[in-house]
Amino acid sequence: MSLLKLGFYNQRFHLLRFIPPQSSNVSPSTFWVQNLTNNNTTNHSSLSYTPRINPVIAKALRTEASATVQPIKMVKAIRVHQFGGSQVLKWEDVELGEPKEGEIRIKNIAIGVNFIDIYFRKGVYKATTMPFTPGMEAVGEVTAVGPGLTGRKVGDIVAYAGNPMGSYAEEQILPADKVVPVPPSVDPITAASIMLKGMTAQFLVRRCFKVESGHTVLVHAAAGGVGSLLCQWANALGATVIGTVSTKEKAAQAKEDGCHHAIIYKEEDFVSRVNEITCGKGVEVVYDSVGKDTFEGSLACLKPRGYMVNFGQSSGTPDPVPLSALAPKSLFLTRPSMMQYTSTRDELLETAGEVFANVASGVLRVRVNHKYPLSEAAQAHADLENRQTTGSVVLIP
(Lines give C-alpha, C1' and ligand atoms only; values in the text may rest on other atoms or scores of the structure.)
Protein backbone atom coordinates (compact mmCIF):
# COMPACT_ATOMS: atom_id res chain seq x y z
CA MET A 1 0.00 0.00 0.00
CA SER A 2 1.87 3.12 -1.17
CA LEU A 3 1.94 6.49 0.59
CA LEU A 4 1.72 9.68 -1.45
CA LYS A 5 2.51 13.22 -0.23
CA LEU A 6 0.33 16.09 -1.38
CA GLY A 7 0.91 19.78 -0.79
CA PHE A 8 -2.28 21.50 -1.92
CA TYR A 9 -2.99 24.94 -0.54
CA ASN A 10 -6.01 25.13 1.78
CA GLN A 11 -6.76 21.42 1.36
CA ARG A 12 -7.49 19.23 4.35
CA PHE A 13 -5.78 16.23 2.74
CA HIS A 14 -2.19 16.45 4.02
CA LEU A 15 -1.31 12.76 3.58
CA LEU A 16 -3.32 10.36 1.46
CA ARG A 17 -3.20 6.62 1.29
CA PHE A 18 -4.72 4.37 -1.36
CA ILE A 19 -7.37 2.06 0.07
CA PRO A 20 -8.07 -0.75 -2.40
CA PRO A 21 -11.80 -1.20 -3.08
CA GLN A 22 -13.18 -4.15 -1.14
CA SER A 23 -16.28 -4.53 -3.23
CA SER A 24 -16.34 -5.81 -6.77
CA ASN A 25 -19.10 -3.27 -7.42
CA VAL A 26 -16.70 -0.34 -7.03
CA SER A 27 -15.50 1.16 -10.28
CA PRO A 28 -11.71 0.89 -10.83
CA SER A 29 -11.68 4.62 -11.55
CA THR A 30 -13.02 5.46 -8.07
CA PHE A 31 -10.40 6.62 -5.58
CA TRP A 32 -10.80 5.75 -1.91
CA VAL A 33 -8.69 7.91 0.36
CA GLN A 34 -8.13 8.05 4.06
CA ASN A 35 -8.11 11.46 5.77
CA LEU A 36 -5.14 11.62 8.13
CA THR A 37 -4.90 14.68 10.36
CA ASN A 38 -1.77 16.01 12.02
CA ASN A 39 -2.65 13.87 15.02
CA ASN A 40 -0.44 10.78 14.71
CA THR A 41 -2.84 8.75 16.81
CA THR A 42 -5.64 7.69 14.51
CA ASN A 43 -8.79 5.95 15.68
CA HIS A 44 -9.55 3.57 12.84
CA SER A 45 -13.17 3.22 13.93
CA SER A 46 -13.78 6.93 13.24
CA LEU A 47 -12.04 7.10 9.88
CA SER A 48 -13.88 9.07 7.27
CA TYR A 49 -13.81 7.76 3.66
CA THR A 50 -14.63 9.88 0.68
CA PRO A 51 -15.88 7.79 -2.27
CA ARG A 52 -14.92 10.42 -4.89
CA ILE A 53 -12.50 13.27 -4.34
CA ASN A 54 -11.59 16.52 -5.95
CA PRO A 55 -10.48 15.92 -9.60
CA VAL A 56 -7.28 17.90 -9.02
CA ILE A 57 -6.27 15.58 -6.17
CA ALA A 58 -7.22 12.50 -8.15
CA LYS A 59 -5.05 13.61 -11.07
CA ALA A 60 -2.11 14.23 -8.73
CA LEU A 61 -2.50 10.77 -7.25
CA ARG A 62 -2.51 9.14 -10.68
CA THR A 63 0.52 11.16 -11.82
CA GLU A 64 2.68 10.38 -8.79
CA ALA A 65 1.70 6.72 -8.71
CA SER A 66 2.59 6.25 -12.37
CA ALA A 67 5.91 8.05 -11.89
CA THR A 68 7.07 5.32 -9.48
CA VAL A 69 6.65 2.58 -12.12
CA GLN A 70 9.84 1.98 -14.12
CA PRO A 71 9.26 1.39 -17.83
CA ILE A 72 10.05 -2.14 -18.94
CA LYS A 73 12.95 -2.28 -21.40
CA MET A 74 12.93 -5.18 -23.84
CA VAL A 75 16.05 -6.43 -25.62
CA LYS A 76 16.80 -9.37 -27.88
CA ALA A 77 18.75 -12.31 -26.49
CA ILE A 78 19.46 -15.99 -27.05
CA ARG A 79 17.59 -18.22 -24.60
CA VAL A 80 17.89 -21.91 -23.72
CA HIS A 81 14.72 -23.59 -22.41
CA GLN A 82 16.00 -27.16 -22.55
CA PHE A 83 19.35 -28.88 -22.93
CA GLY A 84 20.30 -30.22 -26.33
CA GLY A 85 21.82 -29.46 -29.72
CA SER A 86 22.35 -26.06 -31.25
CA GLN A 87 18.68 -25.91 -32.25
CA VAL A 88 17.69 -25.22 -28.62
CA LEU A 89 19.18 -21.71 -28.91
CA LYS A 90 16.16 -19.42 -29.35
CA TRP A 91 16.09 -15.74 -30.37
CA GLU A 92 13.67 -14.02 -27.99
CA ASP A 93 12.66 -10.78 -26.29
CA VAL A 94 13.73 -10.46 -22.66
CA GLU A 95 13.20 -7.81 -20.00
CA LEU A 96 16.14 -5.68 -18.88
CA GLY A 97 15.95 -3.60 -15.74
CA GLU A 98 18.04 -0.72 -14.42
CA PRO A 99 21.45 -1.29 -12.79
CA LYS A 100 21.38 -1.46 -9.02
CA GLU A 101 24.09 -0.47 -6.58
CA GLY A 102 27.43 -1.85 -7.76
CA GLU A 103 26.12 -2.64 -11.25
CA ILE A 104 26.37 -1.23 -14.76
CA ARG A 105 24.37 -1.73 -17.93
CA ILE A 106 26.26 -2.26 -21.18
CA LYS A 107 25.23 -2.36 -24.82
CA ASN A 108 27.23 -5.20 -26.31
CA ILE A 109 29.45 -4.49 -29.31
CA ALA A 110 30.82 -8.00 -29.78
CA ILE A 111 30.35 -11.32 -27.96
CA GLY A 112 32.87 -14.15 -27.79
CA VAL A 113 31.83 -17.75 -28.49
CA ASN A 114 33.57 -20.48 -26.49
CA PHE A 115 33.24 -24.21 -25.93
CA ILE A 116 32.09 -23.56 -22.38
CA ASP A 117 28.91 -22.09 -23.91
CA ILE A 118 28.29 -25.43 -25.60
CA TYR A 119 28.88 -27.31 -22.34
CA PHE A 120 26.16 -25.21 -20.65
CA ARG A 121 23.82 -25.61 -23.62
CA LYS A 122 24.17 -29.40 -23.48
CA GLY A 123 23.86 -29.55 -19.71
CA VAL A 124 27.43 -30.80 -19.14
CA TYR A 125 27.72 -27.78 -16.88
CA LYS A 126 24.52 -26.84 -15.06
CA ALA A 127 23.12 -23.33 -15.30
CA THR A 128 21.65 -21.94 -12.09
CA THR A 129 18.34 -21.09 -13.75
CA MET A 130 16.21 -22.39 -16.59
CA PRO A 131 15.64 -20.85 -19.07
CA PHE A 132 18.98 -19.06 -19.30
CA THR A 133 21.00 -16.88 -21.64
CA PRO A 134 24.41 -18.41 -22.45
CA GLY A 135 27.66 -16.56 -23.02
CA MET A 136 30.67 -15.80 -20.83
CA GLU A 137 32.46 -13.04 -22.73
CA ALA A 138 31.65 -9.66 -24.26
CA VAL A 139 32.78 -6.11 -24.90
CA GLY A 140 30.31 -3.28 -24.74
CA GLU A 141 29.65 0.39 -24.07
CA VAL A 142 28.42 1.46 -20.65
CA THR A 143 24.93 2.97 -21.01
CA ALA A 144 23.98 3.33 -17.33
CA VAL A 145 25.60 3.03 -13.90
CA GLY A 146 24.05 2.08 -10.59
CA PRO A 147 23.51 4.58 -7.77
CA GLY A 148 26.65 5.73 -6.01
CA LEU A 149 29.01 3.89 -8.35
CA THR A 150 32.39 5.47 -9.05
CA GLY A 151 35.12 4.42 -11.45
CA ARG A 152 32.72 3.72 -14.31
CA LYS A 153 30.83 6.19 -16.48
CA VAL A 154 28.47 6.17 -19.41
CA GLY A 155 30.42 5.82 -22.65
CA ASP A 156 33.24 3.65 -21.25
CA ILE A 157 34.23 0.62 -23.36
CA VAL A 158 34.60 -2.36 -21.05
CA ALA A 159 35.11 -6.11 -21.33
CA TYR A 160 34.31 -9.07 -19.13
CA ALA A 161 34.83 -12.82 -19.18
CA GLY A 162 33.50 -15.50 -16.86
CA ASN A 163 30.61 -15.03 -14.46
CA PRO A 164 27.89 -13.94 -14.65
CA MET A 165 26.71 -15.91 -17.63
CA GLY A 166 24.45 -14.13 -20.12
CA SER A 167 26.48 -12.31 -22.79
CA TYR A 168 24.39 -13.60 -25.74
CA ALA A 169 22.21 -10.49 -25.53
CA GLU A 170 21.98 -7.04 -27.07
CA GLU A 171 22.35 -5.48 -23.61
CA GLN A 172 23.02 -6.81 -20.13
CA ILE A 173 23.48 -5.86 -16.49
CA LEU A 174 26.89 -6.67 -14.99
CA PRO A 175 28.62 -6.26 -11.63
CA ALA A 176 31.00 -3.32 -12.05
CA ASP A 177 33.85 -5.19 -10.37
CA LYS A 178 33.72 -7.93 -13.03
CA VAL A 179 34.52 -5.68 -15.98
CA VAL A 180 37.86 -4.26 -17.08
CA PRO A 181 38.55 -1.21 -19.24
CA VAL A 182 39.51 -1.92 -22.85
CA PRO A 183 42.56 0.15 -23.84
CA PRO A 184 42.24 2.27 -27.02
CA SER A 185 45.06 0.21 -28.57
CA VAL A 186 42.81 -2.88 -28.70
CA ASP A 187 39.83 -3.06 -31.06
CA PRO A 188 36.56 -3.99 -29.28
CA ILE A 189 35.92 -6.99 -31.55
CA THR A 190 39.45 -8.24 -30.92
CA ALA A 191 39.00 -7.72 -27.19
CA ALA A 192 35.72 -9.66 -27.21
CA SER A 193 37.36 -12.54 -29.03
CA ILE A 194 40.32 -12.78 -26.68
CA MET A 195 39.09 -11.99 -23.17
CA LEU A 196 38.13 -15.50 -22.08
CA LYS A 197 40.60 -17.32 -24.34
CA GLY A 198 43.43 -14.90 -23.62
CA MET A 199 42.98 -14.95 -19.85
CA THR A 200 42.73 -18.75 -20.02
CA ALA A 201 46.02 -18.88 -21.94
CA GLN A 202 47.59 -16.48 -19.45
CA PHE A 203 46.86 -18.53 -16.35
CA LEU A 204 47.75 -21.80 -18.13
CA VAL A 205 51.25 -20.76 -19.22
CA ARG A 206 52.06 -18.27 -16.46
CA ARG A 207 50.55 -19.72 -13.30
CA CYS A 208 49.00 -23.18 -13.61
CA PHE A 209 52.29 -24.44 -15.06
CA LYS A 210 54.90 -21.74 -15.56
CA VAL A 211 56.37 -22.26 -19.01
CA GLU A 212 60.03 -21.30 -19.31
CA SER A 213 62.72 -21.29 -21.97
CA GLY A 214 63.89 -24.83 -22.73
CA HIS A 215 60.59 -26.52 -21.91
CA THR A 216 58.74 -28.68 -24.42
CA VAL A 217 54.95 -28.38 -24.38
CA LEU A 218 52.16 -30.28 -26.14
CA VAL A 219 49.05 -28.32 -27.15
CA HIS A 220 45.98 -30.15 -28.38
CA ALA A 221 43.61 -28.33 -30.78
CA ALA A 222 46.54 -26.07 -31.62
CA ALA A 223 44.59 -24.14 -34.26
CA GLY A 224 41.63 -23.42 -31.99
CA GLY A 225 40.86 -20.24 -30.11
CA VAL A 226 42.84 -21.02 -26.94
CA GLY A 227 45.24 -23.40 -28.68
CA SER A 228 46.55 -20.78 -31.10
CA LEU A 229 47.20 -18.37 -28.22
CA LEU A 230 48.97 -21.07 -26.20
CA CYS A 231 51.26 -21.78 -29.16
CA GLN A 232 52.12 -18.10 -29.58
CA TRP A 233 52.62 -17.43 -25.88
CA ALA A 234 54.67 -20.56 -25.16
CA ASN A 235 56.84 -19.88 -28.21
CA ALA A 236 57.43 -16.30 -27.04
CA LEU A 237 58.53 -17.67 -23.66
CA GLY A 238 61.19 -19.80 -25.36
CA ALA A 239 59.51 -23.21 -25.27
CA THR A 240 59.47 -25.84 -28.01
CA VAL A 241 55.81 -26.22 -29.01
CA ILE A 242 54.23 -29.41 -30.34
CA GLY A 243 50.63 -29.16 -31.50
CA THR A 244 47.93 -31.55 -32.68
CA VAL A 245 45.43 -30.55 -35.38
CA SER A 246 42.92 -32.27 -37.65
CA THR A 247 43.84 -30.96 -41.14
CA LYS A 248 46.78 -29.73 -43.19
CA GLU A 249 45.23 -26.26 -43.29
CA LYS A 250 45.11 -26.13 -39.51
CA ALA A 251 48.66 -27.44 -39.34
CA ALA A 252 49.82 -24.52 -41.47
CA GLN A 253 48.05 -22.05 -39.20
CA ALA A 254 49.49 -23.65 -36.07
CA LYS A 255 52.99 -23.27 -37.48
CA GLU A 256 52.32 -19.60 -38.20
CA ASP A 257 51.35 -19.27 -34.54
CA GLY A 258 54.67 -20.59 -33.28
CA CYS A 259 54.02 -24.33 -33.24
CA HIS A 260 57.36 -25.98 -34.11
CA HIS A 261 55.89 -29.43 -34.79
CA ALA A 262 52.29 -29.82 -36.01
CA ILE A 263 50.88 -33.35 -35.80
CA ILE A 264 47.81 -34.20 -37.90
CA TYR A 265 46.26 -36.72 -35.53
CA LYS A 266 44.03 -38.23 -38.23
CA GLU A 267 47.09 -39.30 -40.17
CA GLU A 268 49.55 -40.34 -37.45
CA ASP A 269 49.56 -41.38 -33.81
CA PHE A 270 50.40 -38.32 -31.74
CA VAL A 271 51.92 -40.35 -28.88
CA SER A 272 54.45 -42.02 -31.18
CA ARG A 273 55.21 -38.74 -32.91
CA VAL A 274 55.79 -36.89 -29.62
CA ASN A 275 58.06 -39.68 -28.47
CA GLU A 276 60.02 -39.34 -31.72
CA ILE A 277 60.28 -35.54 -31.50
CA THR A 278 61.47 -35.60 -27.88
CA CYS A 279 63.80 -38.58 -28.37
CA GLY A 280 61.77 -40.52 -25.83
CA LYS A 281 62.04 -37.91 -23.08
CA GLY A 282 58.46 -36.64 -23.23
CA VAL A 283 57.14 -33.16 -22.56
CA GLU A 284 57.00 -31.04 -19.40
CA VAL A 285 53.31 -30.18 -19.81
CA VAL A 286 50.29 -31.12 -21.91
CA TYR A 287 47.50 -28.58 -22.43
CA ASP A 288 44.47 -30.69 -23.28
CA SER A 289 41.07 -29.19 -24.10
CA VAL A 290 39.88 -32.24 -26.09
CA GLY A 291 39.32 -34.62 -23.19
CA LYS A 292 38.10 -38.16 -23.79
CA ASP A 293 39.85 -38.83 -27.12
CA THR A 294 43.29 -37.59 -26.06
CA PHE A 295 43.45 -38.01 -22.29
CA GLU A 296 45.27 -41.33 -21.95
CA GLY A 297 47.62 -40.52 -24.81
CA SER A 298 48.43 -37.19 -23.18
CA LEU A 299 49.50 -38.93 -19.97
CA ALA A 300 51.77 -41.17 -22.03
CA CYS A 301 53.47 -38.12 -23.59
CA LEU A 302 54.62 -36.67 -20.26
CA LYS A 303 58.11 -36.94 -18.87
CA PRO A 304 58.59 -37.86 -15.19
CA ARG A 305 57.00 -35.25 -12.90
CA GLY A 306 55.21 -33.78 -15.90
CA TYR A 307 51.96 -31.79 -15.70
CA MET A 308 48.74 -32.96 -17.28
CA VAL A 309 46.52 -29.86 -17.58
CA ASN A 310 43.01 -30.71 -18.75
CA PHE A 311 40.96 -27.54 -19.27
CA GLY A 312 38.16 -28.78 -21.52
CA GLN A 313 36.43 -31.80 -23.02
CA SER A 314 35.31 -31.08 -26.57
CA SER A 315 35.27 -34.82 -27.34
CA GLY A 316 33.55 -35.78 -24.09
CA THR A 317 34.41 -36.26 -20.43
CA PRO A 318 37.55 -38.40 -19.93
CA ASP A 319 37.17 -41.80 -18.33
CA PRO A 320 38.07 -41.96 -14.64
CA VAL A 321 41.78 -42.39 -13.96
CA PRO A 322 42.97 -44.27 -10.85
CA LEU A 323 45.61 -42.47 -8.82
CA SER A 324 47.90 -45.45 -9.36
CA ALA A 325 48.11 -44.51 -13.07
CA LEU A 326 50.02 -41.35 -12.10
CA ALA A 327 52.49 -43.14 -9.86
CA PRO A 328 54.98 -44.65 -12.37
CA LYS A 329 56.15 -41.18 -13.46
CA SER A 330 54.99 -39.16 -10.43
CA LEU A 331 52.69 -37.12 -12.67
CA PHE A 332 50.66 -34.07 -11.72
CA LEU A 333 47.04 -33.85 -12.88
CA THR A 334 44.92 -30.71 -12.67
CA ARG A 335 41.54 -29.55 -13.96
CA PRO A 336 41.77 -25.73 -13.63
CA SER A 337 39.13 -23.08 -14.19
CA MET A 338 39.83 -19.48 -15.15
CA MET A 339 37.32 -18.26 -12.57
CA GLN A 340 39.53 -19.62 -9.79
CA TYR A 341 42.52 -17.75 -11.18
CA THR A 342 40.70 -14.41 -11.46
CA SER A 343 38.66 -14.58 -8.27
CA THR A 344 39.98 -11.30 -6.87
CA ARG A 345 39.86 -7.87 -8.48
CA ASP A 346 43.66 -7.62 -8.49
CA GLU A 347 44.02 -11.00 -10.21
CA LEU A 348 41.44 -10.04 -12.82
CA LEU A 349 43.12 -6.73 -13.65
CA GLU A 350 46.58 -8.28 -13.75
CA THR A 351 45.48 -11.15 -16.01
CA ALA A 352 43.49 -9.00 -18.44
CA GLY A 353 46.21 -6.34 -18.43
CA GLU A 354 48.89 -8.83 -19.48
CA VAL A 355 46.65 -10.17 -22.26
CA PHE A 356 45.91 -6.70 -23.66
CA ALA A 357 49.58 -5.71 -23.39
CA ASN A 358 50.65 -8.77 -25.39
CA VAL A 359 48.00 -8.07 -28.02
CA ALA A 360 49.11 -4.43 -28.34
CA SER A 361 52.80 -5.41 -28.59
CA GLY A 362 52.19 -8.11 -31.19
CA VAL A 363 53.20 -11.05 -29.00
CA LEU A 364 49.66 -12.37 -29.45
CA ARG A 365 48.07 -12.24 -32.87
CA VAL A 366 44.30 -12.67 -32.73
CA ARG A 367 42.48 -14.28 -35.61
CA VAL A 368 38.80 -13.37 -35.64
CA ASN A 369 38.06 -15.72 -38.53
CA HIS A 370 34.32 -16.07 -38.02
CA LYS A 371 31.65 -13.43 -37.33
CA TYR A 372 27.96 -14.28 -37.02
CA PRO A 373 24.93 -12.11 -36.25
CA LEU A 374 23.85 -12.69 -32.66
CA SER A 375 20.55 -14.08 -33.95
CA GLU A 376 22.51 -16.87 -35.70
CA ALA A 377 24.24 -18.16 -32.57
CA ALA A 378 22.90 -21.65 -33.31
CA GLN A 379 24.88 -21.80 -36.55
CA ALA A 380 28.00 -20.57 -34.78
CA HIS A 381 27.63 -23.38 -32.21
CA ALA A 382 27.10 -26.00 -34.90
CA ASP A 383 30.19 -24.89 -36.84
CA LEU A 384 32.33 -24.80 -33.69
CA GLU A 385 31.22 -28.28 -32.61
CA ASN A 386 31.84 -29.72 -36.06
CA ARG A 387 35.39 -28.32 -36.14
CA GLN A 388 34.51 -26.02 -39.02
CA THR A 389 36.15 -22.99 -37.39
CA THR A 390 39.68 -21.79 -36.73
CA GLY A 391 40.81 -18.99 -34.47
CA SER A 392 38.13 -17.00 -32.69
CA VAL A 393 34.37 -16.85 -33.26
CA VAL A 394 32.34 -13.75 -32.36
CA LEU A 395 28.67 -12.77 -32.41
CA ILE A 396 27.69 -9.24 -33.45
CA PRO A 397 24.41 -7.83 -32.02
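Residues are numbered from 1 along each chain as its sequence is written, and side-chain values use heavy atoms, with hydrogens and water left out. Because the model is predicted, local features need pLDDT of at least 70 and side-chain atom pairs count only at pLDDT 80 or more, while totals for chains, interfaces and linings use all residues.

An open sheet is formed by 6 strands in the order 14-13-12-15-16-17, with parallel pairing. Strands (E, at least two residues) and helices (H or I, at least four) are DSSP runs numbered from the N terminus, and two strands pair if DSSP finds at least two bridges between them. Strand 14 (261–264) and strand 17 (332–334) stand at the edges; each has a single partner strand, so one side of each is left without a neighbour in the sheet. On average, neighbouring strands of this sheet are turned by 15° against each other, direction ignored. Strand 13 (residues 240–245) pairs with strand 14 in the parallel sense over 4 bridges. The bridge partner of G243 in strand 14 is A262.

Helix 5 (residues 248–256) packs on the sheet and touches strand 13 and strand 14 (contact means heavy atoms within 4.5 Å); its direction makes about 165° with that of strand 14. Axes are lines fitted to C-alpha atoms, for helices over the stretch in contact, and angles run from 0 to 180 degrees between N-to-C directions. Helix 3 (residues 188–208) lies across strand 15 (283–288), strand 16 (302–310) and strand 17, and runs at about 150° to strand 16.

The axes of helix 3 and helix 4 (residues 225–236) come within 9 Å and cross at roughly 45°. The two helices, helix 3 and helix 4, are therefore oblique to each other (angles under 35 degrees count as roughly parallel, over 145 as roughly antiparallel, 65 to 115 as roughly perpendicular and the rest as oblique). Residues making the contact include I194, L204 and V205 of helix 3 and L229, L230 and W233 of helix 4.

Most residues other than glycine have a negative phi, and most peptide bonds are trans. A cis peptide bond joins M130 and P131, with omega about 5°; P131 lies in the loop between helix 2 (115–122) and strand 8 (137–145). Another cis peptide bond joins N163 and P164, with omega about 0°. In the loop between strand 16 and strand 17, S330 has a positive phi near 50°.
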